[in-house]
Amino acid sequence: FKTKTSDQIFYINTPESSSTSRAVLNGGDIENKGIEASVFAIPVQTKDLSWKVTVNYTINRNKVVELYDGVSNLQLAAFGGGVTLNATVGEPYGVLKGTNFTYKDGQKIVASTGYYAQTDATSVIGNVTPNWKMGVNNTLTYKDLSLGFLIDIQDGGSVFSLDQYYGLATGLYAETVPLNDLGKPVRSAIADGGGYIVPGVLADGTPNTKRVSGENYGLFGYRRNPAGGFVYDASYVKLREVTITYKLPTSLFGGKNFIKGATLSAVGRNLWIISKNLPYADPEDGLTSG
């Protein structure tokens, strides 16, 4: 187990009256505590056949201990939907902040409008750091032919999906066309039996019974929901890499040739997302091209 406190360098915006727009300084201290372990095994070893396995496991817990000049929060990045990535004193490095649901006895509170009540944009809605990561690499060799494949696993961490944020608000996904409690399409007019009763309770704890329109799609997207509703568990299991390698016979090169041996390999990367929780997209995708 290891502990490390590291200084972080940041570009800090400064008043233009100081003759410069940004300054480089020691932004603060971050404490990291974690462990990394590797296990190597050979379950099968014969004259012509072998199977080698390497497992690597890492876990890290970090906390922002201090920032410059007594500042309690440093914004690292800003995204659509008013979501920000932050270094906040006392919190893990990389917390996501934005608007979120409000709760009463564990249930989401619905405002008098019939839509969810929301907090301001300073609420912590996620943390990009995963709980742990693991890689399992297998190599199967039969004579001069070998097959290798790497499985990557991540548990936890948060991802804000701008795809879901906008896609649900504009009616692009199938989730925006369900049948309501009356068996009618949500997008139909309320007069025709459409609309939707948002699950949750009123501020006094009584169940919400107000039916609202779903005709403009925004019922399920950002127009009627806080940014926290579009933060997902970033866990995944991936077939990260597959390699097929053939070792060419040494007889091809001759005894006096300066080439003593050669192999031919075919390599594939990111071939299959075996399991994930983020709808429609890769949890490792970038949020935007900007």
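A strand here is a DSSP run of E, at least two residues long, numbered from the N terminus. With that settled, I opened this predicted model and began my notes.

**Entry 1: Leu-147**
I looked up Leu-147 and found its place in strand β11. Buried or exposed, or in between? Leu-147 has a relative accessible area of 33%, so I noted it as partly exposed.

**Entry 2: the nonpolar patch**
Strands β11 (145–155) and β16 (236–247) each bring at least two residues to the nonpolar patch.

**Entry 3: Ser-50**
Next I went to Ser-50, which sits in strand β3 (residues 49–67). Ser-50 counts as buried because its relative accessibility is 10%, and the cut-off for buried is under 20%. Setting aside residues up to four places away in sequence, I saw Ser-50 touch Val-44, Gln-45, Thr-139, Leu-140 and Thr-141. Thr-139 is 89 residues from Ser-50 along the chain, yet I read 8.0 Å between their C-alpha atoms.

**Entry 4: the core**
Last, I turned to the largest nonpolar core, which has 26 residues. Which of them touch the most other members? I wrote down Val-83, Leu-96, Ile-125, Phe-160, Val-198, Leu-219 and Phe-230. At least two residues of this core come from each of β12 (158–160), α1 (162–167) and β15 (231–233). I followed up on Leu-96: beyond its neighbours within four places in sequence, its contacts include Val-83, Ile-125, Ser-158 and Phe-160.

Definitions and conventions. Residues numbered from 1 in each chain as written. Predicted model: local features only at pLDDT ≥ 70, side-chain atom pairs only at ≥ 80, totals over all residues. Heavy atoms only, no water. Helix = DSSP H or I, 4+ residues; strand = E, 2+ residues; numbered from the N terminus. Buried < 20%, exposed > 50% of the residue type's maximum accessible area, 1.4 Å probe, protein only. Contact = heavy atoms within 4.5 Å. Core = buried A, V, L, I, M, F, W, Y, C linked by side-chain atoms within 4.5 Å.
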